[in-house]
Amino acid sequence: MPLPNRFLTSVLVRREGQLFLFDCGEGTQVSLKMLNLSWKHIHSVFISHMHADHVTGLPGLLMLSSQVDRSEPLYIYGPSRLGEYIESSRRILDMYINYEIIFTPVEEGVLVETDEYTVNCFMLKHTKICYGYSLVEKQRPGEFSVEKAILNKVEKGPKWSLLQHGVAVENSQGQIITPDMILGPKRSGRKFTYMTDSLYFPEMADYAHDSDILFCEGMFEHALVDDAREKKHMTAFQAAMVARDAGAAKLCLQHYSPRYSDRELKILLAEAREIFPETVLTKDRMSFTIPLKD
Ligand SMILES: [Zn+2]
Ligand SMILES: [Zn+2]
């Protein structure tokens with residue numbers, strides 16, 4: 001439930017100016033306004049499951065963004081019932097939305113693929129059908145070597161840019177110069193993983209494998225592990241197990257039980273840090289930068 005200083009679950013990812021929202025609990029709209037981001041241009045929304053604490057912020061968000069100029073559609077992904085929820089909210093609340101909403105019911109596997117990234121979807125184990133998501137950047141082209149370009153007699157100008165974009169060019173002596181002759185080794189992309197509302201199971205670490213940042217629920221302290229399993233939720237310690245086994249770089253805990261005051265959340269943090277020191281307790285509107293690896 002929302003508390004005065006703790007709204008419900010939602011994580012916003014900004015990548016190369018594009019915004020992706022994962023879940024949209026009550027209060028998300030308020031936080032977005034407080035952050036003063038150009039959130040009106042959210043590109044896609046990914047919903048884990050149809051429990052109120054993850055979706056009740058959505059109608060408000062759609063209504064708010066209806067007042068802005070927008071020519072691109074808004075993509076929404078989630079369990080099939082999410083489509084009904086959006087449709088009925090629009091109809092019953094007489095929402096006027098002046099842009100297209102494209103809803104796609106999700107299945108496990110690759111959900112979105114562009115030249116730069118993919119969004120993968122995997123199934124969790126909760127009291128309702130529930131999905132987790134990973135945003136995975138593809139490898140980036142290697143670094144451009146000016147030295148090699150000069151050595152290979154490629155004149156400075158449009159040809160340099162073509163090489164940078166993976167296109168072979170002809171040099172001043174009529175020889176074909178391919179990008180691999182000029183660019184360094186390909187550079188790795190980054191990975192963001194979002195999983196919440198599930199009992200713990202070991203394969204979660206495979207889904208989160210090699211994440212630079214992993215958002216995972218840490219709802220309870222470990223003394224309540226049986227309770228957590230029964231309610232199909234996780235302890236913070238179990239989230240840390242996933243992060244450790246996945247070889248993640250950072251774990252961001254989220255989705256805490258309202259039984260813990262802000263001060264008591266330190267118990268959850270301490271338990272998680274026992275086995276995964278790079279753990280943070282997230283708070284509303286906290287932000288992290290995911291640095292490029294090379
Ligand atoms: Zn739930
Ligand atoms: Zn929940």
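Two strands are said to pair when DSSP finds at least two bridges between them. In this predicted model, strands β2 and β3 pair in the parallel sense over 4 bridges, and the bridge partner of Phe20 in β3 is Ser44.

**Figure 1. The whole protein chain, with its 11 helices and 14 strands.** The C-alpha atoms fill a box of roughly 75 × 50 × 35 Å, taken along the principal axes. Of the 294 residues in the chain, 35% are buried. Among contacts with a separation of 6 or more, 62% are between residues 24 or more positions apart. The domain assignment gives domain 1 (1-106), domain 2 (125-138 + 190-285) and domain 3 (146-182). Domain 2 is assigned as two stretches, 125-138 and 190-285. The centres of domain 2 and domain 3, taken over C-alpha atoms, are separated by 47 Å.

**Figure 2. An open sheet of 5 strands in the order β1-β2-β3-β4-β5.** The pairing in this sheet is mixed. Strands β1 (11-15) and β5 (101-105) are the edge strands, and each of them pairs on one side only. On average, neighbouring strands of the sheet are turned by 20 degrees against each other, direction ignored. Strand β3 (residues 42-46) and strand β4 (residues 74-78) run parallel and are joined by 3 bridges. Val45 has Ile76 as its bridge partner in β4. Helix α4 (residues 81-92) lies across β4 and β5. The helix runs at about 155 degrees to β5.

**Figure 3. The hairpin of β1 and β2.** Strand β1 and strand β2 (residues 18-22) run antiparallel, with 5 bridges between them. Arg15 stands opposite Gln18 in β2. There are 2 residues between the strands of this hairpin. Which residue here takes a positive phi? It is Glu16, with a value near 45 degrees.

**Figure 4. Helix α10 (residues 236-246) and what covers it.** Why is α10 described as largely enclosed by the rest of the structure? The description applies because 9 of its 11 residues are buried. These residues are Ala236, Phe237, Gln238, Ala239, Ala240, Met241, Val242, Ala243 and Ala246. The elements covering them include two helices, α8 (204-207) and α11 (265-275). Strands β12 (213-217), β13 (251-254) and β14 (279-281) are also part of the cover. Just after the helix, Gly247 takes a positive phi of about 70 degrees.

**Figure 5. The largest nonpolar core, with 60 residues.** In soluble globular proteins, nonpolar side chains tend to be buried together. The residues with the most contacts inside this core are Leu214, Cys216, Ala239, Ala240, Ala243, Leu251 and Ala272. Helix α10 gives the most to the core, with 8 residues. At least three residues come from each of domain 1 (1-106) and domain 2 (125-138 + 190-285). A second, separate core has 6 residues, including Leu163, Val169, Ile177 and Ile182.

**Figure 6. Phe220, in the loop between β12 and α9 (225-231).** Is Phe220 buried or exposed? A residue counts as buried if 20 or more other C-beta atoms lie within 10 Å of its own. Phe220 has 24 C-beta neighbours inside 10 Å, so Phe220 counts as buried. Leaving aside neighbours within four places in sequence, Phe220 is in contact with Asp227, Ala228, His233, Thr235 and Ser257. Phe220 and Asp23 are 197 residues apart along the chain, and 20 Å separate their C-alpha atoms.

**Figure 7. Glu170, in strand β9 (residues 169-170).** Which residues is Glu170 in contact with, leaving aside its neighbours within four places in sequence? They are Gln175 and Ile176. Met181 is 11 residues from Glu170 in sequence, and the C-alpha atoms of the two are 12 Å apart.

Definitions and conventions:
Residues numbered from 1 in each chain as written. Chains lettered and ligands numbered in written order. Predicted model: local features only at pLDDT ≥ 70, side-chain atom pairs only at ≥ 80, totals over all residues. Buried ≥ 20, exposed ≤ 12 C-beta atoms within 10 Å, placed from the backbone. Contact = placed C-beta atoms within 7 Å. Domains from an automatic or database assignment. Axes fitted to C-alpha atoms, helices over the stretch in contact; angles between N-to-C directions. Core = buried A, V, L, I, M, F, W, Y, C linked by C-beta atoms within 7 Å.
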